[in-house]
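Open the model in your viewer and keep the selection panel at hand. The stops below go from the whole chain down to one strand.

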Amino acid sequence: MKELKASMAGTVLNVLVVEGEAVSAGQAVLTIESMKMEIPVEAEIGGTVEKIHVEVGGFVNEEETLMTLGE
Amino acid sequence: MTKTSETTGYNERLEQKLATIFAGGHPKYHEKMKESNKLFVRDRLKLLFDDENYAEDGRFANVEAGDLPADGVVTAIGKVNGQTVCVMANDSTVKAGSWGSRTVEKIIRIQETAEKMQVPMLYLVDSAGARITDQLDMFPNRRGAGRIFHNQVRMSGMVPQICLLFGPSAAGGAYIPAFCDIVIMVEGNASMYLGSPRMAEKVIGEKVTLEEMGGARMHCTVSGVGDVLVSTEEEAIEEARRYLAFFPANFAIKPEKLEAKAAKAGRTLEAIIPENQNAPFDMYELIDQLVDEGSFFDIKKLFAGELITGLARIDGQAVGILANQPKVKGGVLFGDSADKGAKFINLCDAFSIPLLFLADVPGFMIGTKVERAGIIRHGAKFIAAMSSATVPKISVIVRKAYGAGLYAMAGPAFEPDVCIALPTAQIAVMGPEAAVNAVYSNKIEAIEDPKERLKYVQEKHQEYKEEIDIYKLASELIIDEIVAPYQLRDVLSQRLSIYETKDLPLPYRKHGVYPV
């Protein structure tokens with residue numbers, strides 16, 4: 001199990017996957033907007049999206065868990 | 001001379017002593033090293049030097065003790081890439097590479113040799129630290145361990161100093177890597193810490209693993225004390241040799257120009273750089289298109305990835321590159337990236353390596369978290385280092401350069417030798433969206449009809465974009481040149497050649513009082 005965390009504080013611009021979806025390592029799964037920039041969040045490992053913890057438009061803090069990936 | 005029985009006896013004694021010294025510590029410690037995928041110190045030196053024809057000083061240190069061959073450290077002078085270097089290398093088969101009085105004296109002497117000869121100094125560290133039983137002889141005195149660090153500081157910027165960390169570098173010994181220009185760490189074996197996990201548990205009640213406390217990966221990703229993370233000792237030595245090839249023997253000599261190579265085949269810069277200023281792209285792909293293939297040497301790759309710092313060659317000419325990475329944290333500068341940039345600039349400036357800034361920066365991070373962590377003084381450190389650098393400075397505005405980000409990336413006010421813009425460049429205090437919000441927020445909020453409001457905002461964006469149009473800035477002589485992306489590599493090569501003879505006098509003073 002792997003938790004994807006926000007690298008910096010910002011707003012969730014989009015979520016590119018759905019729960020239950022299979023993802024590969026390096027695949028962009030979500031975008032955070034911070035300092036007007038689009039910050040891609042990539043899956044660090046290949047696996048299945050177990051849980052998405054955030055919603056589009058929601059604010060996230062640095063190090064906040066965005067998504068949980070299962071093996 | 002023919003051997004007499006007497007000289008034969010002398011020789012036998014010498015050979016016996018040498019055999020003991022070359023064997024290092026007890027065989028069980030050699031076994032232990034093998035189990036940890038570690039090489040014996042003399043095998044490390046064989047890999048490091050061009051050949052085995054190197055000189056060794058103080059080989060007989062503590063020879064009378066019997067079980068302390070070379071007193072746990074080999075100090076040698078040999079060639080790397082044809083260039084003379086001085087080396088100290090701990091032997092961890094001898095009392096875990098700990099420092100006795102002769103160990104320290106040998107290290108001090110090889111440093112003095114490197115300074116006298118004005119050649120690079122390499123530290124191959126694998127040591128448990130001070131021999132507590134010998135502390136009065138090696139710790140507090142004038143030629144005690146402190147002198148090693150004093151010498152490192154004195155030699156900093158005079159000759160390159162490189163640390164290869166193969167094992168522990170504990171307590172005071174951890175300052176050897178800290179004072180080096182670069183620290184290469186072997187994952188799994190290398191570690192640095194002031195207090196061991198055992199000590200931390202006893203003294204402050206903290207329970208952590210060695211890796212958490214001071215492992216190679218932690219230092220190369222979190223603390224930033226480590227610069228290059230490798231998986232084997234062979235790789236560490238290869239990286240050290242590759243790194244050294246960029247450097248002259250000392251500050252008074254300029255780096256050597258090597259044979260030019262073409263850039264890696266790949267997408268054009270036009271294809272790599274998105275038009276949307278806020279969209280991410282991979283700056284490494286752009287760098288690949290500018291530098292000679294295979295020449296890029298990444299420094300602190302795993303630390304503060306929003307700023308890339310690395311050595312490379314363009315048409316064979318050495319150059320130090322600082323580039324914002326839009327793919328990581330949007331390329332926004334943080335305290336760690338500012339520290340990373342400052343150290344890298346100091347390194348290149350000390351050894352006459354020209355600096356190339358590739359700017360695509362939204363500015364420095366804002367918010368309470370970074371303010372409390374002192375982002376202002378960290379940013380000031382970066383700007384001070386860049387401002388003080390007297391090597392050729394080439395500033396390329398790739399896309400946006402907003403706020404103090406423009407300053408940190410050698411913007412026009414900081415005497416770059418040339419400030420080049422790509423047609424995608426945008427220089428401003430802030431981006432159009434933020435600027436229009438800042439100036440017109442009251443007016444925007446007062447417009448009730450959403451369509452009217454959107455129209456008003458779009459008009460203001462357009463006005464702002466026209467105000468900061470790159471051709472307007474060129475017309476005002478703010479930037480020196482606008483270059484088509486496909487011509488950038490050639491232009492950079494030409495500029496590096498032009499500025500080869502740059503010689504800027506330093507201001508008359510002792511030294512600046514820089515932010516730290």
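**Chain B, from domains to one strand**

The C-alpha centres of domain 1 of chain B and domain 3 of chain B lie 62 Å apart. This is a predicted model: local features need pLDDT of at least 70, side-chain atom pairs count only at pLDDT 80 or more, and totals for chains, interfaces and linings use all residues. Residues are numbered from 1 along each chain as its sequence is written, while chains are lettered from A and ligands numbered from 1 in the order in which they are written.

Colour chain B by domain: domain 1 is 5–244, domain 2 is 269–425 + 479–501 and domain 3 is 430–468, with bounds from an automatic or database domain assignment. The C-alpha trace of chain B spans about 105 × 55 × 45 Å along its principal axes.

Switch to cartoon. Chain B has 21 helices and 16 strands; these are DSSP runs numbered from the N terminus, helices being H or I of at least four residues and strands E of at least two.

Now select residues 182–186 of chain B, which form strand β6. Five of its five residues are buried (20 or more other C-beta atoms within 10 Å of the residue's own, C-beta atoms being placed from the backbone). Ile182(B), Ile184(B) and Val186(B) cover one side, with Val183(B) and Met185(B) on the other.

Look for Val230(B) opposite Val186(B).

Note on methods. Buried ≥ 20, exposed ≤ 12 C-beta atoms within 10 Å, placed from the backbone. Pairing = 2+ DSSP bridges.
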